[in-house]
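Subject: Handover of a structure, with notes

Dear colleague,

I am handing over the structure below, and I would be grateful if you could read the notes that follow with it open beside you.

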Amino acid sequence: MKLVIQSNIPDTASKEITISFAKLFVNAEYSELRKILSEDVYIIIYNRERKYGVEAVLEYFKDWQSRVGDTFECEVRWSAQFSRPEIYFISDEFKQAYILSIDNSKITKILLTPRSFSVVGFSIDEVPYNVGFVKANAPKEIEPLPNHYFCPVCGKDSEHLNWSEGVIFKDGPDWGRKTGFIVNVSICPDCNIVCEAHPNRDFSRCLTMTREQQEKINSGMSDEERSKYVCDSMGNKRPLFKRPLKPRSNELSEFGRKFHKLLEKIVIDNTPELVFSMLDKLSISKNKLKLHVATNQTQDIGDESYFYIGNNENRGFEIYKHLKAEPSIGAAWQIYLLHHASTVMPTFWHGGYIVRDYIFDEASLNDYIPLECYDISGLSRENVLLPEVILSADRRTADVYCTYWNDWKGLMRDHLRITFLRNGRIKLTKIDPLCLFKYKCDILF
């Protein structure tokens, strides 16, 4: 069985144990696997049964591997539903995942779940809905369902959650078509979060609306009536209330906010030399920093603003190659801010695709309309929304993480690796970002 580990999984408390579990599971090292399982661990086989105790769980693993052999591939990846790593198994016939509950460095429960419940949405790679959206669209109370998702915060099992039923619409594979599903939804009464929202398998699709049908219904409604629906269009109702993130920032965020404010002044006054009045841990060797401000006077289909070295005929865009810095968290953050300065300076036409809104205060995400139906509190709990710099023990490498919003990508967690060389120079390595919430606006330049 092949094991792949996603490169950009956030360094959360559960990451190391999840990866250890995956490695030991793939290699069938059951004696070592036992060491990270609690004695009273149990496995929940979604919508079927549970097996209690470390011996029963290990026996289940052994039987599973003897049946499937090497037909599965295994990947440790990020689960948006749980805001933690998942262990994802795939073969020609199955797509399943293990979600672990961990307490005091021991695995206490394991959920074996399908990765996807429908060809139209509903998967563990989707950000969960918020409570307000669920109460608006699934208001009918039902009896609790056993052997389903547990609460990702307190671990409460599914039979102790509050359950309801309703209809949730998903965009179909055909543009403009919506498909309504009867769904079962669970909410933790103590943590006040949605734990699960999946189609009721006893029902098939209950309603499909084409774009023309939606437009016909919408035309018969008043503006006030349309405002009750998401996107002002017949289908899902807006949340009855929002679950706002509380104001939360850190020192890196405050510095980043002040630097972006300085950039506004630098652009207006065309004073690129002021950059290093704030980026005091960086110096530039022998060259003078210059600034190009985006303009509509261009022969290209767009324009961006940027700093450069050299003259108009021979511009050097890779500013980091001319920088010198001593290893530190502050220097790494300043390098990141300078490297991505173009994303917050003026753009023209197609240049606008690079524009970012950096998350320097978690509460700022409360105002993002595309997120109004979703609960991203899990990202706050796992500390992946605010900037972070991790400096290696030898102080030669810094990993910089920063979350931003882009209208053509969604909510992204950036990762830039900075290597501090012996001569004071630096080297940059861009790591693939992690998509925390996928979104693409309708604007095409």
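Is N383 buried, exposed or partly exposed? With a relative accessible area of 42%, N383 counts as partly exposed, because buried means under 20% relative accessible area, exposed means over 50%, and partly exposed lies in between (1.4 Å probe, protein chains only).

Before going further, please note that this is a predicted model, in which local features need pLDDT of at least 70 and side-chain atom pairs count only at pLDDT 80 or more, while totals for chains, interfaces and linings use all residues. Residues are numbered from 1 along each chain as its sequence is written, and side-chain values use heavy atoms, with hydrogens and water left out.

The chain as a whole

The chain holds 10 helices and 24 strands, where helices (H or I, at least four residues) and strands (E, at least two) are DSSP runs numbered from the N terminus. For 445 residues, a compact globule would have a radius of gyration near 22 Å, and the 25 Å of this chain agrees with that; the radius is taken over C-alpha atoms, and the globule rule is 2.2 Å times the number of residues to the power 0.38. The C-alpha trace spans about 70 × 65 × 40 Å along its principal axes. Of the 445 residues, 53% count as buried. Among contacts (heavy atoms within 4.5 Å) between residues at least 6 apart in sequence, 60% join residues at least 24 apart.

The nonpolar cores

A nonpolar core here is a set of buried Ala, Val, Leu, Ile, Met, Phe, Trp, Tyr and Cys residues joined through side-chain atoms within 4.5 Å. The largest such core has 50 residues, and those with the most contacts inside it are F21, L37, F61, Y98 and I110. Leaving aside neighbours within four places in sequence, I110 is in contact with a list of residues that includes F21, L37, F61 and Y98. A second, separate core of 42 residues includes Y320, A325, L337 and M412. In soluble globular proteins, nonpolar side chains tend to be buried together.

Two residues with positive phi

To return to N383, this residue sits in the loop between α10 (377–381) and β21 (388–391), and its phi is positive, at about 60°, although it is not a glycine. N270 also has a positive phi, near 50°; it is found in the loop between α7 (251–269) and α8 (275–278) and, at 47% relative accessibility, counts as partly exposed. Most residues other than glycine have a negative phi.

S14, in the loop between β1 (2–5) and α1 (15–26), counts as buried at 13% relative accessibility, and it touches R84, P85 and I102, not counting residues up to four places away in sequence.

A197 belongs to strand β11 (residues 194–199) and is buried, with a relative accessible area of 11%. Apart from neighbours within four places in sequence, A197 is in contact with F122, Y129, N184 and V185.

V230 lies in the loop between α6 (223–226) and α7 and counts as buried at 16% relative accessibility. Not counting residues up to four places away in sequence, V230 touches F133, N236, K237, R238, E372 and C373.

With kind regards
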